[in-house]
Amino acid sequence: MAELNIEEVYRAQMVLKDVARHPKIIGPTALSDKCSIYLKPENLQHTGSFKLRGAYYKISQLSDEEKERGVIACSAGNHAQGVALGATHNGIKSLICLPSGAPISKIEATRKLGAEVCLVPGVYDDAYAKALELRDKYGYTFVHPFDDPLVIAGQGTIGLEILEEMPEAEAIVVPVGGGGLISGVAFTVKTLRPDIKVYGVQAAGAASMVKSLECKKREHLDSVQTIADGIAVKEPGENTFDLCEKYVDEIVTVNDDEIAAAILALIEKQKLVAEGAGATAVAAAMFGKLPVDGKKVVCLVSGGNVDVNMLNRIINRGLAKSGRVCQLELELLDKPGTLSGVLKILAEEGGNILSVNHERIATGTDINNCLLHLEFETLNPEHITRIRKALTEAGYRIVD
């Protein structure tokens with residue numbers, strides 16, 4: 001890659017001036033009591049993701065000959081929509097290779113934006129290989145989702161907007177998949193304001209950039225598994241790896257439960273819907289994964305294209321992680337009044353029963369006993385601890 005320069009990012013900003021939305025920073029929020037979390041809500045962007053910026057800028061810089069041949073891209077969903085919109089807006093044919101497991105909502109949104117869709121079995125990397133095959137076969141121009149200098153420059157415009165709107169920011173936290181977003185933001189911010197920390201966050205089940213930086217060379221993961229499908233990338237880009245090594249202060253990981261809790265917090269406290277990838281930066285700040293206590297922290301909510309069919313599962317996981325729902329299993333003496341005694345304690349402690357399952361033929365218990373499965377709403381982890389203590393002190397045996 002030719003040396004990225006700040007002038008390119010400013011050129012991208014001019015091109016995107018009337019194309020991309022420029023969502024204002026939200027905050028300070030009440031998402032953490034350890035630091036002041038502000039949000040850059042790119043989930044409110046056209047197509048619901050920051051990806052529009054890099055894709056559109058790349059397409060805008062194509063030659064007439066390249067535009068005539070059309071463009072091809074691969075994506076877990078968000079880049080696909082950015083390329084589709086950019087191509088259609090410029091009167092260019094687009095073909096998008098998506099993993100067959102991509103959310104249906106993202107697939108249909110890509111089609112509606114004017115692109116032809118090719119579904120590929122596997123994950124992002126499989127779609128990438130197919131896109132290169134079709135590029136070579138038909139002569140399309142390939143629009144890389146992250147490892148392209150023009151795409152990186154387009155994403156860097158987010159860094160410009162943060163600096164212009166909130167120059168007092170002390171840290172910026174960015175989701176990381178292949179690395180295009182954090183490369184653009186970190187390059188821009190460190191070039192103009194090297195005093196501001198730039199942190200990246202990956203899903204623990206797809207930590208390819210973390211592993212690569214630890215090994216000081218690009219590493220390829222055998223598999224990836226996370227609810228953050230937008231950053232489920234097996235191997236970082238060559239250029240993005242170099243830029244992360246040079247400009248990013250640290251990259252950490254969060255697990256799926258922490259991501260789910262962040263999605264829930266954004267919905268409840270900020271009325272914002274984020275997809276898994278979009279909530280990773282907030283999750284890292286919420287769960288103390290970064291050295292930002294007492295600092296003004298801008299978390300980039302990179303996208304909001306969550307699969308509606310998955311949202312209920314994610315919310316339930318978030319409730320459990322946040323201590324808002326608890327499941328307990330108790331072994332009880334099977335005699336009249338025992339169940340009512342348990343429910344009385346729950347009522348007195350303020351737990352709200354969701355379900356009760358009374359199992360008399362459970363193996364592994366005394367023949368005179370039964371198992372009681374309880375699910376109930378709680379306020380927080382401390383509330384759960386209080387209820388467990390009250391049950392134990394009353395002589396009930398908690399199995400799980």
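Predicted model: local features only at pLDDT ≥ 70, side-chain atom pairs only at ≥ 80, totals over all residues.
Local features need pLDDT of at least 70 and side-chain atom pairs count only at pLDDT 80 or more, while totals for chains, interfaces and linings use all residues. Residues are numbered from 1 along each chain as its sequence is written, and side-chain values use heavy atoms, with hydrogens and water left out.

**Aromatic pairs**

- Three aromatic pairs are found in a search of the whole structure; rings of Phe, Tyr and Trp (its six-membered ring) pair if their centres lie within 6.5 Å, and planes under 30 degrees apart count as stacked, over 60 as edge-to-face and the rest as tilted.
- Tyr-138 and Tyr-140 have ring centres 6.0 Å apart and planes at 50°, so this pair is tilted.
- Phe-187 and Tyr-247 form an edge-to-face pair, at 5.5 Å centre to centre and 85° between the planes.
- Phe-187 belongs to helix H8 (residues 180-192) and Tyr-247 to helix H10 (residues 238-247), so the pair ties together parts that are 60 residues apart in sequence. Helices (H or I, at least four residues) and strands (E, at least two) are DSSP runs, numbered from the N terminus.

**Burial of the ring residues**

- Tyr-140 is buried at a relative accessible area of 12%, where buried means under 20% (1.4 Å probe, protein chains only).
- Phe-187 is buried at 4%, and Tyr-247 is buried at 15%.

**Helix H8**

- Eleven of the 13 residues of H8 are buried, among them Gly-180, Phe-187 and Lys-190.
- The cover over the buried residues of H8 includes helix H1 (6-16), helix H7 (149-165), strand E6 (171-175) and H10, with contact meaning heavy atoms within 4.5 Å.

Terms used: Buried < 20%, exposed > 50% of the residue type's maximum accessible area, 1.4 Å probe, protein only.
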